[in-house]
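Work through the exercises below with the model open. Try each task before you read its solution.

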Amino acid sequence: MDFSAFKWDYFTFMLHGFGITLFVAFLSIILAYVLGIFIALLRYARIPVLSKVLAVWVDIVRNLPLLLILFFMYFGLAEMGLDMTPTSAAITGLVLFESALISEIVRSGLTSIPKGQSEAARSSGLTYVQTMRYIVLPQALRRMIPPTVSQFISLLKDTSLAVIIVLPELMHSSQIIYNQNYGITFLVLFTAALMYFAVNYPLSMLARRLEKKLAN
């Protein structure tokens, strides 16, 4: 293994790819969080037909491989005339997949709030929307923070699957480098692992600390 063959240009190229990884992950988790909350609220409200349709949709998406969804977004939709860039296909696929998972986190948070609080709020004159906004949702969101952070960690790692649709993220950049020089494959992959670890480990520590804090 030739350590001198690993040039500074390789590191900056990987760093650029990691920047794309973080951008895609950050944007996807925000959009997925908003969509997940919306889906969870509609299911929690038990709107006839709609809540059941959403429940079926969530179950379908949760039981599909993320890789299949990414393939469908990039290759499948292209056959139907809807061409997407690797970045937009990756973000769309991640948002659809993660929103289904987050909606379950949110729904669990909502159902964990005693119904007596909602009934008391409604009996005091608050509307359903006001009850959710001021009473139920703030408490539920607080309880959802640790699992949401953990889900963000999973999403950040899942972006590596987008290498299959040629998203220029960290693993794609790494692949380009070690394909040009097989003698530094270990160094390239080890550097990529350190980049993921540098972000995911502090986030995992944050999730653990929040869980302990909320448990007390």
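**Exercise 1.** Leaving aside its neighbours within four places in sequence, which residues is V106 in contact with?

*Solution.* The model is predicted, so keep that in mind throughout. Set aside the residues within four places of V106 in sequence; the contacts left are I37, A40 and M144.

**Exercise 2.** Find the residues that touch the most other members of the largest nonpolar core, and the elements that build this core.

*Solution.*
- Step 1: the core has 45 residues. V24, A90, V106, L110, A162 and L167 touch the most other members.
- Step 2: two or more residues each come from α1 (8-44), α2 (50-62), α3 (66-79), α4 (86-111), α6 and α8.
- Step 3: α4 gives the largest share, eleven residues.
- Step 4: a second, separate core has 13 residues, including A5, Y10, M14 and Y178.

**Exercise 3.** Is N200 buried or exposed?

*Solution.*
- Step 1: locate N200 in helix α8, which spans residues 185-215.
- Step 2: the relative accessible area of N200 is 10%. Buried means under 20%, so N200 is buried.
- Step 3: leave aside the neighbours within four places in sequence. N200 is then in contact with I153, L156 and K157.

**Exercise 4.** Classify two of the aromatic pairs by the angle between their planes.

*Solution.*
- Step 1: the structure holds six aromatic pairs.
- Step 2: W8 and F11 lie 5.2 Å apart, centre to centre, with 35° between the planes. This pair is tilted.
- Step 3: W8 and F11 are three residues apart in helix α1, so about one helical turn separates them.
- Step 4: W8 is exposed at 62% relative accessibility, while F11 is partly exposed at 25%.
- Step 5: F186 and F190 lie 5.9 Å apart, centre to centre, with 10° between the planes. Planes under 30 degrees apart count as stacked, so this pair is stacked.
- Step 6: F186 and F190 both sit in helix α8, four residues apart, about one turn of the helix.
- Step 7: F186 is exposed at 52% relative accessibility. F190 is partly exposed at 44%.

**Exercise 5.** Which residues make a nonpolar surface patch of about 380 Å²?

*Solution.*
- Step 1: the patch is made by L67, F71, F75, L161 and I164.
- Step 2: take L161, in the loop between α6 (128-158) and α7 (170-180). L161 is partly exposed, with a relative accessible area of 32%.
- Step 3: look at F71 and F75 again. Together with Y74, F71 and F75 form one aromatic cluster.

Terms used:
Residues numbered from 1 in each chain as written. Predicted model: local features only at pLDDT ≥ 70, side-chain atom pairs only at ≥ 80, totals over all residues. Heavy atoms only, no water. Buried < 20%, exposed > 50% of the residue type's maximum accessible area, 1.4 Å probe, protein only. Contact = heavy atoms within 4.5 Å. Patch = residues over 30% accessible without salt bridge, like charges linked within 9 Å, V, L, I, M, F, W, Y side chains within 5 Å. Areas by Shrake-Rupley, 256 points an atom, 1.4 Å probe, with all protein chains shown as cover. Salt bridge = Lys/Arg side-chain N within 4 Å of Asp/Glu carboxyl O. Core = buried A, V, L, I, M, F, W, Y, C linked by side-chain atoms within 4.5 Å. Phe/Tyr/Trp six-rings, centres within 6.5 Å; stacked < 30°, edge-to-face > 60°.
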